[in-house]
Amino acid sequence: MSAASQQKTDYWQSHDRQHHLHPFTDHKELAEKGGSRIITRADGVYIYDSEGQEILDGMAGLWCVNLGYGRRELVDAATLQMMELPYYNNFFQCTHPPAIELSALLSELSPGNFKQVFFTGSGSEANDTQIRLIRRYWDLMDQPDKMTIIARNNAYHGSTIAGASLSGMSAMHEQMRLPVPGIVHIEQPHQFELGADLSAEEFGLRQARLLEEKILELGADKVAAFIGEPVQGAGGVIIPPDSYWPEIQRICEEYDILLVADEVITAFGRLGEWFGSTHFGIKPDLISFAKGVTSGYLPLGGALVSDRVSEVIVSKGGEFAHGFTYSGHPAACAVALASIRIMQKEHIVERVKKQTIPYFHERWVTLGEHPIVGEARSVGLMAALEIVKDKSNRERFHKDLGAGTRCRDFCVNNGLVMRAVGDTMIVSPPLVVEKHHIDELVEKAWRCLDLTAASLRTG
Ligand SMILES: *Cc1c(COP(=O)(O)O)cnc(C)c1O
């Protein structure tokens, strides 16, 4: 590292410390560590920090940079759109071509009968929108008491008040005195933590039937919807057993409950399909998307609305009293269109399904042989490792040892972004990773697990 880059880093870190409040960060701890790592540029699947270190981005930013960094076509799409029409809204009976074209394309790619799209600026706003759509639907159906939404512990649906309420993260709930009324949670399908004694089949059915129990407890005439991520992402890449989603589907149909798939991570190729619902055979009534829709180049999210819901909302009339200034921002829609067209032209979803996912899975599960790994699991291009002290009984290291954050720090210092969720390590690489990147990812992960194990032995 040169003296000049050191000086710049010091300058940025000091201003960052003084002025910048970061999301999901313990600022006291950050200051004690010396400050943030500053990412200054990126290319392909690598990011570069202010000291010139190259880091393989195993998380695709925050699960979003699916096409990798430095895609000229996406930059050009934004530039051209900004020259032509940088902003106009979709309120009050106006709209613009990018929002129209993107809504038609999303409808075409969606699994099943999703003819309409409501745009937002983020995944949290998408889920906020779902709550409004759900309430509006049941009101118009003359069942206004069908109001409660059932979500799951350790789910992540965003950080607005509504998003955090749907989420099942206890730390968020405690700090914000959530959830808001009308949202309740059931236990998640996390077999490593909750179902070691059962077969996958039995565990999946047992966890799905918690939904039925909750509906019966509340009364089906009070329950509006169930929301779930096809695979829980931020909770630690929790992959439900194959028996789980079909049973959830059965229960939603039997009790006439709307099913919302939060596909903010799983849509746009991450599970080898345009939508993760296809992978699991889920037939949702509503789908939330964001993140990968623009490959993260600009913020955009939305709700895909099935005919069942949109026909009621449209045919019964009355204003849907909801919207954001940036609902369907033209530049963001233009980038989403360009991103989806690249994926189509380069057959990215098919390639990921046929080549990248099988190779990634084969390599990833070898990490399960590491002495401190209790389980290595993956689905699509989402994967997790459970760090344990004792492989035979899944005993964890003492919480105060911070095994997960140690491993994360070893990784980033050795050129790999791997995220820690407690003592679960997760990755979700860009869809454009090639075999040699996957080899690099797995080799670095193994080396950093070695370093983690050694450091835990010495305290
Ligand atoms: C990230 C995420 C969200 C929230 O999206 P934001 O754009 O951060 O508001 C919602 N749901 C899921 C499944 C997510 O992963």
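These legends go with a few close-up views of a predicted model. Because the model is predicted, local features need pLDDT of at least 70 and side-chain atom pairs count only at pLDDT 80 or more, while totals for chains, interfaces and linings use all residues. Residues are numbered from 1 along each chain as its sequence is written, and side-chain values use heavy atoms, with hydrogens and water left out.

View 1. The chain splits into domain 1 (37-69 + 348-457) and domain 2 (72-345), with bounds from an automatic or database domain assignment. Their C-alpha centres sit 26 Å apart. For the contact (heavy atoms within 4.5 Å), domain 1 brings 36 residues and domain 2 brings 33. Together the two bury about 2,600 Å², with 64% of that on carbon and sulfur atoms; buried area here is the accessible area (1.4 Å probe) that two parts lose on being put together, summed over both. Look for Trp63, Val349 and Met382: they supply 24% of what domain 1 buries against domain 2, more than any other three residues.

View 2. Two salt bridges run between domain 1 and domain 2, a salt bridge being a side-chain nitrogen of Lys or Arg within 4 Å of a carboxyl oxygen of Asp or Glu. Glu193 makes a salt bridge with Arg396, with the closest N and O atoms 2.7 Å apart. Among the elements giving two or more residues to the domain 1 side are helix H15 (348-364) and strand S12 (382-387); helices (H or I, at least four residues) and strands (E, at least two) are DSSP runs, numbered from the N terminus.

**View 3. Ser455 in helix H17.** Ser455 belongs to helix H17 (residues 435-457). Ser455 counts as buried because its relative accessibility is 14%, and the cut-offs are under 20% for buried, over 50% for exposed and partly exposed in between (1.4 Å probe, protein chains only). Leaving out residues up to four places away in sequence, Ser455 touches Arg406 and Phe410. The C-alpha atoms of Ser455 and Cys407 are 9.5 Å apart, though 48 residues separate them along the chain.

**View 4. Helix H13 and its packing partners.** Which residues of helix H13 (residues 307-315) are buried? They are Asp307, Val309, Ser310, Val312 and Ile313. These buried residues pack against strand S4 (116-120), helix H6 (123-140), strand S8 (258-262), strand S9 (286-289) and strand S10 (301-305). After H13 comes Gly317, with a positive phi near 75°.
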